[in-house]
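Please consult the sequence and the model as each answer is read.

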Amino acid sequence: MSEVIVVTSGKGGVGKTTTSANVGTGLAKEGKKVVLIDTDIGLRNLDVVMGLENRIVYNLVDVVEGNCRAKQAMIKDKKYPDLYLLPSAQTRDKTSVTPEQMQKLVEELREEFDYIILDCPAGIEQGFKNAIAGADRALIVTTPEVSAIRDADRIIGLLEANEVHKIDLVINRIRMDMVKRGDMLSSDDVLDILAIDLIGIVPDDENIVVSTNQGEPLVGTNNVAGQAFENICKRIMGNEVPFLELTGEGFFQRLARVFGR
Amino acid sequence: MGFFDNLLRRNRSADDAKDRLKLLLVSDRSNCSPETMELIKNDIIKVISKYMEIDAEGLDIQISQNNDEVDGPTLYANIPIREIKK
Amino acid sequence: MKELVLLKGNNYGLTITLDSEIQFDELLEKVEEKFTAAAGFFNSTKQIALKVEGRTLSSEEMTRLLESITKASSLAVAYVIEENQVIETQMKNLIKEKADKEEEERSEQSEQTEKPISSRDNGEHLGKFYKGTLRSGQNLESDSSVIVIGDVNPGATVSAKGNVVVLGCIKGNAFAGKDNNNEAFIAALDMDPIQIRIGSKIARSSDDKGTKKRKLRKRRKEQYSDEAKIAFVEEGNIYIEPISKALLNDILI
């Protein structure tokens, strides 16, 4: 049974693309057949984060417009043969694709893939509508900041209005030292406000920047962010995995564990 | 540790964030301005106070978009009662 | 006083009116004088038709007249039309015919000596200039060749039916010979593309640029030793090599 997951946030720069890349790669690592679709037409990025930018021949708009078949446009990952990327077009804009076309494409891909991950653009305009059109469930990415949480709340409302009911929260870039000091909202605070299921907490980690520089997702590597993403993938697959114990730098107390409500 | 906590609590920006967010989201979710919400709240207090003594400070009203039972937004009011007037 | 020699121009040539009484040698001197005086006016090497009026010349006299004109000006007389013979439109037709014929001859000639070129589209010899940096999402397309004076950034694409020359750095995509022309080439002062395509062939940058390229970049920045490179197709593969005289000699345009 295949599942279509849209990764969205409302606000830009909170880590949608990083999350998409790592979740997609992580699921492929677990032996699933995965396709990542970059729906950010005009500002494509997922190809760079995946390190596949040099292989692009056709793109999403080409597929939708019938210039090529979906198979021709999908790029096989360097590391995982069951992981594919359908890149977005850089020279077009969001209106080049309609929600109906996206839905049709996603339905077509369902037959072949276990997971279809849609990397959604920031904002709530056409690009967002395209991305959520065919989605079964959503991962909301937010950071513990007022602006990101406010936008996440708006997105949750819009998703519900569009009949996407399975919505999970990824809290990204949390800094336990700041939480401990009381200068950053804790994951509990965020959950309290947004009142949706938590699926992962990803600590702020320099390795993310390094991995983006190199074009290799860090899921599963031996650092906290890599672990966190791996756990998110397991939870997506329906496994119960306890949340990581995140400790603040310099403070060695245990921090609140949050189990999905 | 407790001592430090108390000392630091005075300037915890996370608490500010939380308070601001809660207020913000109420109006975001309802498409009502905080002023309108405040007016609704005051009117509710006025009406209910005729019949019972309530904790005006603890009163919390919210407009929620997501509800399983009814379509469209719903107004929730949480009104702590101190004493029912006889 | 009656002019002994009168010149009158039209779009396709010259009408020369000659005195009928005067000695021919004397007349010829006057003709030379006239043309020398008007040298500034007649300094084109254009082919013209010459119409002679007022005097009937023998063929020997005609030859001498033409010699004088050639001596005194740079004009080339393609046709001589004797009096009453023609009107302007006919002059025009004659000149045109001659020009067309020469064009034909010229193209025939090139076909004999440089076969591969004539088989290609004429438009390819033309080029389009673009000045400025092509940024991500920008797409410069041309039905001819294209010369970019500036950089092609990652995410930008320059594509041409002919050749692509970048006087700057290619850090994005460059496609030459869009109509499956594998003989097209791509040249750049700094060749660091994400992807290049020539005709039906595709080449992409190496995957392990993370470490290797960064080091390379660093070194480059320090020394400014950028080497101009050229990409071309040989035996079905795309090669990128530093531009050398030998390579340029092999290029067909």
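Q: What makes a residue pair count as a polar contact across the interface of chain B and chain A, and how many such pairs are found?
A: A pair of N or O atoms must lie within 3.5 Å; within protein, one must be able to donate a hydrogen and the other to accept it, and residues adjacent in sequence count only if both atoms are side-chain atoms. By this rule, 4 residue pairs, both members at pLDDT 80 or more, are in polar contact across the interface of chain B and chain A. The side of chain B that touches chain A comprises 6 nonpolar, 3 polar and 5 charged residues (Ala, Val, Leu, Ile, Met, Phe, Trp, Tyr, Cys and Pro are nonpolar, Asp, Glu, Lys and Arg charged, the others, Gly among them, polar).

This is a predicted model: local features need pLDDT of at least 70, side-chain atom pairs count only at pLDDT 80 or more, and totals for chains, interfaces and linings use all residues. Residues are numbered from 1 along each chain as its sequence is written, chains are lettered from A and ligands numbered from 1 in the order in which they are written, and side-chain values use heavy atoms, with hydrogens and water left out.

Q: Why is the meeting of Asp192(A) and Lys22(B) called a salt bridge?
A: The term requires a side-chain nitrogen of Lys or Arg within 4 Å of a carboxyl oxygen of Asp or Glu. The N to O distance here is 3.8 Å, so the pair qualifies.

Q: How many residues does each chain give to the contact?
A: Chain B gives 14 residues and chain A 15, contact meaning heavy atoms within 4.5 Å.
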